[in-house]
Amino acid sequence: MKPYVQVEDRHAFDAIVDARSPAEFEIDHIPGAINCPVLDNEERRIVGTLYKQAGAFEARRLGGAMVAANLARHLRGAFAEHPQGWRPLIYCWRGGLRSGAMTTWMRMVGWDAQQLAGGYKSWRRHVIATLESRSPQLPLVVICGATGSGKTRVLHALAAHGEQVLDIEGLARHKGSLLGALPGIAQPSQTGLETALADVIDHIDPSRPLFVEGESARIGQLNLPVPLVARMRDSLCVEIEVPMPARLAFLLRDYAYLGDRPEWLADQLGRLKELHGKTTIDAWQAMARTRDLPALFAELAGRHYDPSYARSQRKHFHRWEDRMIVPANCLSTESIDALAVEIAGQVKARSPG
């Protein structure tokens, strides 16, 4: 059997083991991989410093002892209960020393362990290639609507009804607007987001619609892949039309936690000073600090988000004039579920065949 395995064959294994440090794993990793480092964060730093100061031999002598100790720990712990027929796929950064050491020991034990050719770097090339080659063919249907139209909730309802969904905001851990940061939840790395997107795209059935929320090219601190953004811009749009009172009621439910973050909210609003002027921003910041979210959200929707929405949709979505418009008078849980059913039905009725 080949000692090295290609990325495309990773699903044939019982487990994917990432032998890199926890810090490397946290930045990005192959979906479903477990992290069993042969060097932890501090050990990797020590070995790297020794390599620069004393050379490869001294670094490998010290690193070898650390690797042996960690492998012994994993054999007594994470790997202890696996049967003889267990088949793990091992990778590190480039498919070199760290994964090689783990693979050697596992094969000595009797497991059919194999290395991923090229390590994480080959996985990264696969992600980039997937995004570039598959994005232009994605059967996207873009859910649009003014702020507070319940687009994300509709997307979740579509998924609950078995429709294909690409939840970009969920993968990016951000709601996509100036106030979209989720309290206590950090965004993934740029490479982590791209891995998550590629993993979803890898499993898409191209014969069925893929629903996605209309997003800008940047979400929080992260950039969406250019080929995916280009495909969104050329895809069919569905616009949810909701009257302002229902939108404000929804926003007050969906962003209620901002009432507990008045100073953060005021600070974020300060970034709009060049657009709206000091007097307006001072008034909005005062509303934030007094937790007057109903008045603040009405101001933001009417004077900031809605005018921007009207301009940006026509500019960015090339099929905007051909969009499907679906009205909704209420955004209760039941209404959102019904809205999802209606959207899915209209899209399928419009699709050829």
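Which residues of strand 2 are buried on one side, and which on the other? A15 and V17 are buried on one side, I16 and D18 on the other, and both faces of strand 2 are covered. This is a predicted model. The chain has 353 residues, of which 46% count as buried. Its secondary structure comes to 14 helices and 12 strands.

**Overall layout**

- The C-alpha trace spans about 70 × 55 × 35 Å along its principal axes.
- Contacts between residues at least 6 apart in sequence were sorted by separation, and 73% of them join residues at least 24 apart.

- Five strands form an open sheet in the order 1-5-4-2-3, with parallel pairing.
- Strand 1 (4–5) and strand 3 (34–35) are the edge strands, and each pairs on one side only.
- Strands of a sheet pair through backbone hydrogen bonds, either parallel or antiparallel.
- Strand 2 and strand 4 run parallel and are joined by 4 bridges.
- Within this pairing, D18 stands opposite Y91 in strand 4.
- Strand 2 also pairs with strand 3 in the parallel sense, over 2 bridges.
- Here D18 stands opposite N35 in strand 3.
- From strand 2 the chain crosses through helix 1 (residues 22–27) to strand 3, and this β-α-β crossover is right-handed.
- Strand 4 is joined to strand 5 (residues 114–116) by 2 bridges, and the two run parallel.
- I90 stands opposite Q115 in strand 5.

**Covering of strand 2**

- In a regular strand the side chains alternate between the two faces of the sheet.
- Helix 4 lies across strand 2 (15–18), strand 4 and strand 5.
- Helix 4 runs at about 155° to strand 4.

**The W93–Y120 pair and its surroundings**

- The count of aromatic pairs comes to 8.
- One of them is W93 with Y120: the ring centres lie 5.3 Å apart and the planes meet at 25°, so the pair is stacked.
- W93 lies in the loop between strand 4 (88–91) and helix 4 (97–109), and Y120 lies in helix 5 (residues 119–134), so the pair ties together parts 27 residues apart in sequence.
- A pair of aromatic rings is described by the distance of the centres and the angle of the planes.
- W93 has a relative accessible area of 32% and is partly exposed.
- Y120 has a relative accessible area of 5% and is buried.
- R20 lies over the face of Y120, at 4.6 Å from the ring centre.

**Other aromatic features**

- F79, W86 and W111 form one aromatic cluster.
- R261 lies over the face of W264, at 4.2 Å from the ring centre.

**E194 in helix 8**

- Helix 8 (residues 190–202) contains E194.
- Is E194 buried or exposed? Its relative accessibility is 12%, so E194 counts as buried.
- E194 touches R124, V127, L131 and P225, leaving aside residues up to four places away in sequence.

- Another open sheet of 5 strands has the order 7-8-6-11-12, with parallel pairing.
- Its edge strands are strand 7 (164–166) and strand 12 (324–327), each pairing on one side only.
- From one strand to the next, the twist averages 30°.
- Strand 11 (residues 236–241) pairs with strand 12 in the parallel sense, over 4 bridges.
- In that pairing V238 stands opposite M324 in strand 12.
- Helix 9 (residues 226–233) lies across strand 6 (140–145), strand 7 and strand 8 (210–213).
- Helix 9 runs at about 75° to strand 6.

Conventions. Residues are numbered from 1 along each chain as its sequence is written. This is a predicted model: local features need pLDDT of at least 70, side-chain atom pairs count only at pLDDT 80 or more; totals for chains, interfaces and linings use all residues. Side-chain values use heavy atoms; hydrogens and water are left out. Rings of Phe, Tyr and Trp (its six-membered ring) pair if their centres lie within 6.5 Å; planes under 30 degrees apart count as stacked, over 60 as edge-to-face and the rest as tilted. Buried means under 20% relative accessible area, exposed over 50%, partly exposed in between (1.4 Å probe, protein chains only). A charge sits over a ring if NZ of Lys or CZ of Arg is within 6 Å of the ring centre and within 35 degrees of the ring normal. Two strands pair if DSSP finds at least two bridges between them. Contact means heavy atoms within 4.5 Å. Axes are lines fitted to C-alpha atoms, for helices over the stretch in contact, and angles run from 0 to 180 degrees between N-to-C directions. A crossover is right-handed if, with the strands pointing away from the viewer, the path from the first strand over the helix to the second runs clockwise.
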